Amino acid sequence: MPHTRSDADMHCLPLLDLEFIQYLEDREFDMIYPEKVQRRSQIHWSPIHVAQYASRFLVTAPCTRVLDIGCGPGKFCAIGASVTEGFFTGVEQRDNLVRAARKMILSYGLLNVEIIHANIKDICFQNFDAFYLFNPFQENLWKLFRIDALVEVKPQLYLEYSRYVAHELAQCPDGTRVVTYWGDGDEIPACYKCVETAFGNHLQMWIKQGADSHMAASARGNQPRSKGKKPLHPPKAPADPLRFLL
Ligand SMILES: C[S@@+](CC[C@H](N)C(=O)[O-])C[C@H]1O[C@@H](n2cnc3c(N)ncnc32)[C@H](O)[C@@H]1O
């Protein structure tokens with residue numbers, strides 16, 4: 001079995017079999033992480049099937065640069081990198097999750113993934129082609145969904161981060177793709193249209209429209225987002241990373 005290594009083993013190669021990732025169940029994949037990180041998986045990390053579906057929508061050409069906004073222990077990035085030809089960058093504010101993600105990536109020998117330890121507000125979106133968000137800022141609103149007590153959470157931060165993401169996405173070129181999972185769309189500007197949903201509407205695929213089609217949609221009163229608030233969670237060696245910092 002590939003996931004029986006200790007932390008010490010993970011510092012050394014040989015690597016786990018990359019081909020193997022796509023056949024794993026979530027519980028098997030998660031076993032690569034420290035127990036604390038595994039315990040958060042059902043609620044906080046993307047399921048494998050969701051990550052496969054989302055990354056196939058986001059990657060439209062070899063080397064499409066995908067940013068996972070709040071990547072946790074890198075599960076979405078790893079799955080996406082194993083089933084597409086995209087390059088996946090995860091940004092994560094929690095140091096322990098960054099370490100878990102980097103160890104996992106090393107142990108699989110994934111070359112098309114990198115993890116940046118930073119706050120999303122320090123990342124310039126112009127360096128990416130496509131974006132994934134699994135409800136990253138929700139813990140600022142719902143204490144129940146706090147991952148841990150290691151970072152400050154407060155409603156003001158939810159607004160601040162969502163507005164920053166919306167502002168950056170609005171600057172991206174027409175045709176930019178975004179996927180949200182269990183989100184309420186607060187980070188998605190009105191110039192993006194939801195073109196497809198999956199997994200009971202919880203996975204939403206968005207594409208930025210040109211100014212013409214956006215104006216036509218507004219004239220028809222066809223605003224693609226602004227859904228009501230609802231609980232948002234299910235029960236359940238790359239180049240220099242600093243190049244993305246503002
Ligand atoms: C629900 S988890 C999703 C993890 C991963 N994207 C996935 O799909 O498996 C959200 C993550 O976003 C991170 N996060 C929240 N706010 C952030 C911020 N301002 N900057 C960077 N990371 C952030 C959290 O620490 C958490 O790991």
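Me: Leaving out residues up to four places away in sequence, which residues does Gln204 touch?
Reply: Contact here means C-beta atoms, placed from the backbone, within 7 Å. Gln204 is found in strand 7. Its contacts beyond four places in sequence are Val179, Thr180, Cys194 and Thr197.

Me: What kind of model is this, and how are residues numbered?
Reply: The model is predicted: local features need pLDDT of at least 70, side-chain atom pairs count only at pLDDT 80 or more, and totals for chains, interfaces and linings use all residues. Residues are numbered along each chain as its sequence is written, from 1.

Me: Is Gln204 buried or exposed?
Reply: A residue is buried with 20 or more other C-beta atoms within 10 Å of its own, exposed with 12 or fewer, and partly exposed in between; C-beta atoms are placed from the backbone. Gln204 has 25 such neighbours inside 10 Å, so it counts as buried.

Me: What separates the C-alpha atoms of Gln204 and Tyr181?
Reply: Along the chain, Gln204 and Tyr181 are 23 residues apart. Their C-alpha atoms are separated by 6.4 Å.

Me: How many helices and strands does the chain have?
Reply: Both are DSSP runs numbered from the N terminus: helices are H or I with at least four residues, strands are E with at least two. The chain has eight helices and seven strands.

Me: Which residue in strand 4 is the bridge partner of Asp68?
Reply: Strand 1 (residues 65-69) and strand 4 (residues 130-134) pair in the parallel sense, over three bridges. The bridge partner of Asp68 in strand 4 is Tyr132.

Me: Which residues touch the most other members of the largest nonpolar core?
Reply: A nonpolar core joins buried Ala, Val, Leu, Ile, Met, Phe, Trp, Tyr and Cys residues through C-beta atoms within 7 Å. The largest has 59 residues. Beyond four places in sequence, Ala54 is in contact with Tyr132, Val179, Tyr181 and Leu203. The residues with the most contacts to other members are Ala54, Ala78, Phe131 and Tyr132.

Me: Why is helix 5 largely enclosed by the rest of the structure?
Reply: The buried residues of helix 5 include Lys75, Phe76 and Ser82. Helix 5 is largely enclosed because eight of its nine residues are buried.

Me: Is Cys63 buried or exposed?
Reply: Cys63 is in the loop between helix 4 and strand 1. Its phi is near 70 degrees, a positive value in a residue other than glycine. Cys63 has 10 C-beta neighbours inside 10 Å, so it counts as exposed.

Conventions
Two strands pair if DSSP finds at least two bridges between them. Two residues are in contact if their C-beta atoms, placed from the backbone, lie within 7 Å.
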